[in-house]
Amino acid sequence: MAFARTCSVALVGVDGVVVEVQADLEPGVAAFALVGLPDKALSEARDRVRAAVVNSGESWPQRKLTVGLSPASVPKGGSGFDLAVACAVLAAAERLPPETIAELLIIGELGLDGRVRPVRGVLPAVLAAADAGFRQIVVAEQAAAEAALVPGVSVLGVRSLRQLIALLSGTPPPEEAPDPIAGQPDPMLAGLLLPGIGVRDFGGVRQPPPDLADVAGQYEARRALEIAAAGAHHLYLKGPPGAGKTMLAERLPGLLPPLTQSEALEVTAVHSVAGLLPPGRPLIDTPPYCAPHHSATMPAIVGGGSGLPRPGAVSLAHRGVLFLDEAPEFSVRALDALRQPLEAGEVMIARSAGSMRLPARFLLCLAANPCPCGRHSMRGGGCECTPAMVNRYQARLSGPLLDRVDLQVQVASVTRAELLGEDRSAESTPTVAARVREARCRAAARLTSTPWRTNAEVPGHELRTRWRVAPGALADAERDLERGLLTARGLDRVLRVAWTVADLAGRDQPGRLDVRTALMLRTGVQRGLPHADRPIHDHPDPDTDLGGES
């Protein structure tokens with residue numbers, strides 16, 4: 001009896017489980033059995049591995065072959081086990097020294113000609129291997145840069161099974177075909193990059209981020225956008241068509257600060273599992289932007305699918321922006337499914353094949369028209385929607401969902417003067433992003449030694465007891481709470497927004513005007529403030545007060 005073992009990784013969501021790949025050869029009728037809860041793609045590895053071994057110039061053992069994947073209770077899927085299975089079989093047949101692969105972790109799909117192809121989820125797989133103590137990883141050459149993002153591991157990128165056999169045997173590796181021509185589509189990545197659910201990359205060199213200065217007018221909406229980016233607050237833009245709601249939402253990712261190293265690894269891991277990593281860019285270091293179509297199903301939004309679930313839009317927007325344009329047109333089930341990840345920052349998906357946890361700490365931006373035709377309450381708009389139609393349309397965004405949205409801003413139609421005139425006070429994206437970074441630094445300094453990073457993550461109890469606002473600042477909010485106009489959750493979110501407004505203004509403690517600003521951005525009520533005293537940073541009047549105590 002001949003036996004050999006090596007290791008690979010099975011992915012459950014973005015979490016990896018190290019799997020021992022065992023190969024056993026016994027006398028008997030030639031057969032190939034693969035056990036250990038493989039799915040359809042993994043079961044087909046028997047034919048891929050056999051053809052790859054033969055076409056690599058090696059002989060296939062004509063004995064009873066059993067390949068076991070341990071632990072057997074963990075479901076395993078995909079083609080990433082091919083290379084590990086081939087190495088284990090060759091080591092059991094004494095073509096490779098068994099000790100050379102015993103401490104390796106091998107990930108890769110095999111073509112029938114023996115080429116090693118990349119697979120999705122290399123980064124989370126290598127992260128799981130590093131946590132398990134592995135220090136030597138073998139992957140496809142195209143995925144080596146992604147695997148090398150994990151510190152403390154030595155990555156070997158190979159082009160073919162022949163090359164790996166030569167390296168493990170200590171012989172000179174054979175000549176392989178050169179890499180694809182730079183700038184041309186890589187045929188080895190065919191089928192690996194899947195179409196995204198509205199995922200757009202605004203951080204690449206081919207498409208610069210849109211500039212906030214391109215938006216005509218909308219000073220209050222711009223200010224709300226700045227506050228949302230500074231504190232990671234959810235935003236609801238409501239107004240007629242053509243007012244600029246989509247333009248504002250597309251400029252929100254450009255205001256967010258770059259991802260930290262740990263955040264970049266989290267985002268890259270999710271996009272790697274989903275097969276959405278941009279070619280030639282193994283690390284995503286800018287906040288993602290995901291804008292699914294309103295016809296997207298609930299599994300497409302929160303994650304799911306047949307078999308083991310896959311990441312949905314809420315996970316693809318992790319540490320970035322999830323924009324739902326025409327939000328009332330989405331499925332009511334899909335909208336209500338957002339309530340749990342909005343609170344927890346993660347989504348738990350249970351299926352018959354298994355359960356998994358996916359990260360989902362995103363900034364939600366909703367946009368909606370006032371009615372199905374969009375002309376309700378517009379002067380001269382000619383809206384023909386009945387009151388019942390308007391109420392039914394607006395009720396598709398449930399109260400519990402909107403109660404979790406910190407900023408609810410009315411976006412008015414752009415005037416002729418704003419659209420055709422030259423607005424020199426309009427600030428660019430880099431200018432506003434600099435203030436956002438400063439505000440986040442103030443919040444981070446205050447939240448040092450806590451598990452929270454932004455104001456939107458701080459629990460309300462901490463804001464009411466540990467970080468108090470100025471005396472008398474909550475008078476308006478307390479009055480709304482007593483009248484039933486504000487829920488307990490709503491009060492907590494008003495406090496979070498007030499802290500963000502104070503951080504943007506450079507104050508150490510929110511005052512009454514900061515709380516009024518938060519209430520105004522949540523309810524739309526001006527609270528008796530004259531127009532010149534509204535805390536709008538990019539108001540066209542340069543002498544406007546930016547938010548001092550009234």
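A disulfide is counted here when the sulfur atoms of two cysteines lie within 2.5 Å of each other, and by this rule the count comes to zero disulfides. The model is predicted, and its chain has 23 helices and 17 strands.

**The chain as a whole**

- Of the 550 residues in the chain, 52% are buried.
- When contacts between residues at least 6 apart in sequence are considered, 72% of them join residues that are at least 24 apart.

**Helices H2 and H3**

- Helix H2, which covers residues 45–55, and helix H3, which covers residues 82–92, have axes that come within 10 Å and cross at roughly 60°.
- The crossing in which H2 passes H3 is right-handed.
- On the H2 side the contact is made by Ala45, Arg48, Val49 and Val53, and on the H3 side by Asp82, Val85, Ala86 and Leu90.
- Sorted by class, this contact of H2 with H3 has six nonpolar and two charged residues, with no polar ones.

**Helices H8 and H19**

- The axes of helix H8 (residues 219–231) and helix H19 (residues 429–446) come within 8 Å, and they cross at roughly 40°.
- H8 and H19 are therefore oblique to each other.
- H8 passes H19 in a crossing that is right-handed.
- In H8 the residues Glu226, Ala229 and Ala230 take part in the contact, and they meet Val432, Arg435, Val436, Ala439 and Arg440 in H19.
- Sorted by class, the contact of H8 with H19 has five nonpolar and three charged residues, with no polar ones.

- Leu420 has its place in helix H18, which covers residues 416–420.
- With a relative accessibility of 67%, Leu420 counts as exposed, since that class takes values over 50%.
- Although Leu420 and Ala216 are 204 residues apart along the chain, their C-alpha atoms are separated by 8.6 Å.

Definitions and conventions:
Residues numbered from 1 in each chain as written. Predicted model: local features only at pLDDT ≥ 70, side-chain atom pairs only at ≥ 80, totals over all residues. Heavy atoms only, no water. Axes fitted to C-alpha atoms, helices over the stretch in contact; angles between N-to-C directions. Helix = DSSP H or I, 4+ residues; strand = E, 2+ residues; numbered from the N terminus. Parallel < 35°, antiparallel > 145°, perpendicular 65-115°, else oblique. Left-handed = near helix turned anticlockwise from the far one by under 90°. Contact = heavy atoms within 4.5 Å. Nonpolar A, V, L, I, M, F, W, Y, C, P; charged D, E, K, R; others polar. Buried < 20%, exposed > 50% of the residue type's maximum accessible area, 1.4 Å probe, protein only.
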